[in-house]
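Colleague: Could you walk me through this model while I have it open? I'd like to start with a strand pairing and move on from there.

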Amino acid sequence: MTPTLKAFLLANLSALLRGRFFMRKGHLPSTGHRVPESFAGVGVATNADPATDEAVIEILRAAGIRRVRLDFSYGDGENHIARFLEALLAADFDVLLHLVQPADAARAMPALNAAETWRKFVATTLDRFGTRIGIVEACSTVNRKRWAGYSLDGFLAAWQIAHDETRQRNITLAGPSVTDFEPVWNVGLLRLLRDRNLLPDIHTDNLFSERCTEPERWDHKILGHLLASLIRFNLIRKARLLQRLGADYGVPRLMSPSAFWTLPRIERFLPDSEQKQADYLSRYMVLCAASGALEAAWWGPLVCHREGLVDDGEFAYPKLERITHYAGVDGKAADFRARPALAALAAFAKHIPGSRYEGRLNRGNAGLEVHAFRSGEHLTHIAWTINGHTAATCDVYRDDDLVAAEWIDRDGQRLDEAPTLLTESPLYLRWPADKYVAVLDAAAPLTGVSIHRHIAGLRHYYHRDATWHGMVLAANRDEADLLIAALHPDHIGAPPTKRESLRLARNAIWRVQDPRRADGVLVAKKPVKHHLHKKLLDRLKPSKARRSWNGTAELLRRGIDAAAPVAWFEQRSGRDITQNWYLCENVEGSQSVGALFAATHNTNENPELVAHVANFVRRMHDRGIFFRDLSGGNLLISTRCESLHFQLIDTGRLRCFRRSLTRGMRLADLTRVTHKLDPAGRASFLQHYFARQNGPLSATVNIRFTLYDQKARIKRWLRRTELYKKLKR
């Protein structure tokens with residue numbers, strides 16, 4: 001063990017024994033601090049075309065972002081990077097200049113030739129630009145040797161050179177550029193730097209929250225999902241802890257120079273990746289500002305196809321991660337396309353920096369966040385829920401406060417009416433600066449209600465009266481009022497007779513007139529009767545209507561198509577568990593997969609059908625959906641644009657998870673959906689489904705399918721017996 005590594009480990013052992021990795025109530029934000037005016041920043045780059053410089057600068061001006069981070073490496077003093085830096089400085093941007101040593105050169109440190117080349121680069125760059133830049137950050141992602149190339153001794157040698165050169169010129173130095181939340185690196189490096197009198201002026205950590213999925217979630221990567229809610233490491237605790245660790249070693253100032261959510265990572269579960277990127281950015285920036293621990297927080301690349309706020313076109317991702325070196329923009333300025341996240345950053349930068357933080361106003365951590373900021377002109381609240389959840393605004397604020405508020409959406413657009421719901425897309429509520437607005441003590445998300453927030457052109461509208469409550473999905477307030485009036489339980493009427501219904505058994509399913517269109521038809525579903533055990537168990541669950549709504553919403557959120565939801569209503573008291581209605585769009589021109597499978601006696605007749613269904617089911621499972629009633633009758637298929645299109649119905653039993661399904665859950669669905677296939681068809685289906693698995697399926701798996709087939713045969717036989725018919729009557 002080298003002396004450097006020994007000192008690194010002893011520093012962490014000392015911090016652990018002194019309890020410095022723990023912070024009582026650290027997950028809660030402090031209050032009373034002022035958010036710096038220049039809190040929001042973004043990483044920028046360019047390419048050889050001067051038009052790119054102009055386009056990037058214009059984007060920054062339009063967004064109101066004055067603080068930028070520019071990566072600068074060997075050779076950049078003689079190319080377009082220097083030209084761009086001059087343009088930024090001429091336009092009076094506050095530049096954090098990030099000096100990046102190439103990975104091969106970093107691996108060669110502390111060899112004399114590598115060190116001298118680095119010193120010459122740092123000195124030349126600082127002599128040219130040092131008096132005109134705000135801060136210099138040295139080195140990059142030092143805890144990622146695979147990316148940056150540094151050993152501990154190599155980093156210390158490079159850092160000493162940067163420290164010496166900045167001190168000679170009286171320039172503010174930031175570092176050591178740890179990436180993600182790995183505080184053992186912060187402690188070890190700061191201790192080594194302190195012992196050598198090489199401390200930075202500002203402590204930097206690229207404070208990602210991407211691995212938690214959502215910015216406000218507990219980090220399950222530290223000690224696993226089961227313990228995540230006990231140790232409570234959220235973004236605020238991370239920021240506060242890192243700031244305290246820096247202060248322990250004499251560097252109380254903390255910045256996060258880069259963080260982002262990559263679109264492919266979002267798309268593992270959620271197809272609306274650009275909308276979710278914007279949601280996460282807003283929520284992340286608010287939480288960073290609320291922590292009181294950060295002087296500034298930057299988004300990663302401004303322009304990039306994979307994670308940028310602006311899309312420059314689809315290009316191969318560079319071998320070196322952009323978090324280590326954002327070297328350039330791939331596309332042409334003429335092809336730039338702003339994503340919603342750019343507007344979200346502009347809205348945050350307009351409304352929050354410069355204000356004083358007054359605290360998180362709602363109690364508990366039940367999936368709702370309400371944060372208050374006060375400036376000289378406005379009292380501003382930012383409110384949202386975690387993904388898929390929603391809260392009624394009437395449960396969060398008093399009616400007079402709702403009426404008096406100015407409502408602004410995540411992207412900075414003023415709303416023409418007060419929304420009835422708070423969702424995963426943050427909303428800004430503004431009142432005059434001298435106004436005091438409290439959140440109701442019982443403020444919380446609606447219990448057992450899921451929504452798919454990002455349905456293009458549609459909004460959710462919540463309705464509550466003395467007897468009933470529910471929700472409709474509509475294009476605007478007028479359409480919502482029309483749907484509520486026509487589909488309200490007081491008006492929709494009783495289910496028709498068995499002959500006029502689509503189905504009348506435990507549930508009544510029938511068609512009703514769509515009030516929005518003269519030729520439109522909706523499908524209504526209402527429970528009619530329950531078995532004795534269901535009468536008891538269903539009182540512990542959301543109503544059947546709400547379960548159907550939730551199941552459909554969770555499918556749509558994950559990009560799995562289902563019959564489009566329109567409304568649900570239920571009795572508020574819940575005394576009568578049959579008093580609830582679910583309504584969806586009528587599905588025309590589809591066949592059930594079960595019927596097609598039953599008709600396919602020889603799977604060689606239609607092998608593509610089996611493959612397409614298998615791929616659809618696997619995609620559903622990979623996105624965390626356990627359907628639990630995946631019979632062939634609940635999976636519909638139609639042809640659109642010469643390709644097969646699938647839709648799920650009868651969604652009330654499904655369960656959803658934030659990760660892919662376990663093998664047992666997958667097999668439970670697969671035994672049902674393949675039941676109508678002949679042995680060859682089932683084998684073909686499973687071959688396609690498990691295409692990424694090497695080798696044949698185990699005997700245990702095959703036994704599960706055999707047992708399910710036997711169970712289905714016994715159930716069919718029982719239903720033909722007189723005893724069953726008598727009990728059913």
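Colleague: Which residue is the bridge partner of glycine 359 in β12?

Modeller: The partner of glycine 359 is alanine 372 in β12, where strands are DSSP runs of E of at least two residues and helices are runs of H or I of at least four, numbered from the N terminus. This is a predicted model, in which local features need pLDDT of at least 70, side-chain atom pairs count only at pLDDT 80 or more, and totals for chains, interfaces and linings use all residues. Residues are numbered from 1 along each chain as its sequence is written, and side-chain values use heavy atoms, with hydrogens and water left out.

Colleague: How many bridges do β11 and β12 pair over?

Modeller: β11 and β12 (residues 368-374) are antiparallel over 4 bridges, and strands pair if DSSP finds at least two bridges between them.

Colleague: What is the strand order in the sheet, and which strands stand at the edges?

Modeller: The open sheet has 5 strands in the order β11-β12-β13-β17-β15, with antiparallel pairing. Its edges are β11 (356-360) and β15 (406-408), each with a single partner strand, so one side of each is left without a neighbour in the sheet.

Colleague: Switching to cores: which residues touch the most other members of the largest nonpolar one?

Modeller: Val44, Leu60, Leu88 and Leu302 do, in a core of 121 residues. A nonpolar core here is a set of buried Ala, Val, Leu, Ile, Met, Phe, Trp, Tyr and Cys residues joined through side-chain atoms within 4.5 Å; buried means under 20% relative accessible area, exposed over 50% and partly exposed in between, using a 1.4 Å probe and protein chains only. The most residues come from α13, which gives 10 to this core.

Colleague: And what are the ring centre distance and plane angle for tyrosine 74 and tryptophan 118?

Modeller: Their centres are 6.5 Å apart and their planes stand at 40 degrees, so the pair is tilted. Rings of Phe, Tyr and Trp (its six-membered ring) pair if their centres lie within 6.5 Å, with planes under 30 degrees apart counted as stacked, over 60 as edge-to-face and the rest as tilted. Tyrosine 74 lies in the loop between β2 (67-72) and α3 (80-90), whereas tryptophan 118 is in helix α5 (residues 112-129), 44 residues apart.

Colleague: Is tryptophan 118 buried or exposed?

Modeller: Tryptophan 118 is buried, at 0% relative accessibility, while tyrosine 74 is partly exposed at 26% relative accessible area.
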